[in-house]
Amino acid sequence: MTSTTYTLTHDNLNALLRALVAAGKQLHAPQRVGPKVFFKPVNDAATIVFDYVQTAESPKSLLFPKAEFLVSYRQNSEGMVVTDHLQKEIPEMILFGSRPCDAAALSRFVQFFADGHADAMVTQRRRALTIISMSCIASDPACFCTSCGSSPGDTTGSDLLLTPISNGRYLVDVVTEKGQSLVAANEALFEQAPTIVKDSYLATVEAVFTPEEITKRLATSFNDPIWKNASLRCIGCGACAYVCPTCSCFTIEDEGNDRTGDRLRCWDSCAFALFTVHTTGHNPRPTQTERWRQRVMHKFSYLPETNHFLGCVGCGRCSRACPADMNLKEQIIAIAELLPAIG
Amino acid sequence: MQSLQHKAAELLGSNRASVVIGYAEGSDGRVRPHFARTNDDAKALVWDQRCKQNLAVYLTKHEIKEMGPAAIIASPAVVRTIVQMASEQQFVRSFPITLVVDNDQVTELNDGPSLEAFATSHPVLFPSHVTKEVEDLAAMSVADRFAFWQEEFSRCFKCYACRSACPLCYCTKCITESNQPQWVTVAPHALGNFEWHLNRAMHLAGRCIQCGSCTLACPAGIPIALLTIEASNIVQREFGYQPGIKADAPAALSSFRVEDKEAFIR
């Protein structure tokens with residue numbers, strides 16, 4: 001869809017956010033907690049922050065909560081009452097302040113869960129969600145979106161994309177019909193845009209590898225000794241997977257007893273030993289070497305081959321969050337250098 | 001720094017150590033764990049104020065253990081960790097070669113008495129705001145403290161970085177991974193998060209040497225160390241036991257003294 005553009009002043013943006021909160025919409029936006037910034041439900045639009053490169057946690061929990069109830073049962077005097085949480089209506093949600101890489105990640109996330117048997121929870125939640133992203137005018141050394149098919153002004157996956165331009169104004173890319181209806185409902189706040197070249201306002205993120213080449217090189221790397229050295233300092237936590245906007249692994253947990261209980265879907269991570277351990281005690285990924293290899297291979301080899309998209313958007317969260325400074329960007333560059341090039 | 005690099009090269013060259021666990025420059029001004037196995041590797045070793053994450057966590061890692069005898073560059077917190085691990089029988093044959101650096105002077109601590117002497121004379125110093133946070137929390141009403149942790153734990157998604165970064169969380173099977181019976185609720189909802197963090201705090205009560213690595217590691221910015229620091233403070237107050245000081249000390253919460261001040265236990 002060809003995008004139409006508007007401009008919006010910072011004051012009008014704040015007015016829009018206040019109006020959304022006042023209208024009782026579930027607005028999730030960047031807010032500060034200590035030194036970090038998180039997407040959190042907004043009660044007061046004044047708490048929304050704009051001066052961050054990237055939030056600590058990705059916005060994926062809006063589509064894929066860290067603990068999601070699937071089915072519950074409760075025994076009462078009438079008998080057993082079973083609740084299928086799939087049948088519950090998902091309230092309308094608005095995500096504000098996601099970066100273009102986040103929106104691109106969520107679109108890949110939705111695509112992943114729609115392949116084959118579509119996941120009802122994720123698709124319903126995406127339908128209920130409007131994404132207002134904010135282009136990047138600043139980046140940091142962990143960023144590598146331009147190596148992963150996104151960019152600081154990428155409109156992919158957003159419904160509206162705002163780009164800060166001069167004089168406290170934003171250029172508004174209307175990307176989808178959902179975005180258009182949000183503009184239409186608040187028409188007075190927006191102005192028709194003159195022709196503005198957005199690129200000059202955007203952060204420059206240098207491309208450091210081509211994903212197609214990485215995918216090719218990884219295809220024959222499974223038994224390569226590089227993985228052992230690369231993963232030595234990995235301590236085996238799930239921080240990288242849980243801050244990642246595309247990591248989608250989950251586990252099904254049952255809680256309760258014969259009278260009351262719940263079945264939940266919870267995040268899981270390939271960095272954990274327990275992730276692959278068999279009931280026999282055998283673990284096909286016995287050490288962090290195999291687990292780290294799985295993480296890189298899934299994103300840069302398996303997903304491109306099976307689902308035709310890269311499992312990484314270069315948001316850099318894993319590198320910033322890693323207690324052992326694993327730095328994914330650096331590791332991928334090293335793979336490009338170390339592994340033999342093939343035809 | 002140079003004397004440290006020389007010492008590491010010497011240990012590797014004489015085959016006394018197969019690997020020297022230390023720090024090297026990392027990304028964007030950070031330092032990262034580094035495993036020197038060659039002369040060249042040793043040249044990359046750095047040691048300064050940025051080296052905070054507790055390296056003792058690697059002493060029990062399979063891939064490091066299989067390299068052979070290890071040397072480790074140790075802050076006072078790491079020395080205490082090694083003493084505490086020794087008291088928990090984590091070093092079967094010998095201690096790792098423990099290198100402490102003072103004014104570019106490298107000293108080897110190779111046995112219980114020298115480690116204990118260093119641990120006793122070098123307190124673990126965490127930032128002063130942590131001491132204040134511990135005190136503030138202790139002074140809160142139970143309801144306020146509960147509200148504080150409820151808010152903090154709301155961001156926990158159970159990535160277990162706290163556990164992975166903790167050298168004293170060395171269990172090969174953690175209680176949270178047991179499902180017959182299921183001791184700890186797995187889901188990262190309010191109940192599951194409380195169960196996890198309280199279980200971990202209780203398992204580290206009287207064992208936590210207060211290095212703060214769990215807080216440093218937490219991607220959600222939860223000050224987790226406040227729990228185990230306070231738990232250790234309580235154990236010290238009530239049982240007179242300080243972890244990481246005596247390599248042959250019995251564990252505070254699983255040993256019995258005839259002269260215990262509590263009558264009910266006798």
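**Exercise 1. Determine how helices α8 and α10 of chain A are placed against each other, and which residues make the contact.**

Step 1. In this predicted model, the axes of α8(A) (residues 288-306) and α10(A) (residues 328-338) come within 12 Å and cross at roughly 80°. Helices (H or I, at least four residues) and strands (E, at least two) are DSSP runs, numbered from the N terminus. Axes are lines fitted to C-alpha atoms, for helices over the stretch in contact, with angles from 0 to 180 degrees between N-to-C directions.

Step 2. The two helices are therefore roughly perpendicular to each other (65 to 115 degrees; under 35 is roughly parallel, over 145 roughly antiparallel, the rest oblique).

Step 3. From α8(A), the contact (heavy atoms within 4.5 Å) takes A:Trp292, A:Val296 and A:Phe300. A:Leu328, A:Gln331, A:Ile332 and A:Ile335 are the residues from α10(A).

Step 4. By class, six of these residues are nonpolar, one is polar and none is charged. Ala, Val, Leu, Ile, Met, Phe, Trp, Tyr, Cys and Pro count as nonpolar, Asp, Glu, Lys and Arg as charged, and the others, Gly among them, as polar.

Conventions: residues are numbered from 1 along each chain as its sequence is written, and chains are lettered from A and ligands numbered from 1 in the order in which they are written. Local features need pLDDT of at least 70, side-chain atom pairs count only at pLDDT 80 or more, totals for chains, interfaces and linings use all residues, and side-chain values use heavy atoms, with hydrogens and water left out.

**Exercise 2. Give the strand order of the eight-stranded open sheet in chain A and describe its β2-β3 hairpin.**

Step 1. The order is β3-β2-β6-β7-β8-β9-β1-β10, with mixed pairing; two strands pair if DSSP finds at least two bridges between them.

Step 2. β3 (36-41) and β10 (191-192) are the edge strands, each pairing on one side only.

Step 3. β2(A) (residues 26-33) runs antiparallel to β3(A), and six bridges join them. A:Ala29 has A:Lys40 as its bridge partner, and A:Arg32 stands opposite A:Val37.

Step 4. Two residues separate the strands of the hairpin, and A:Gly34 in the turn has a positive phi of about 60°.
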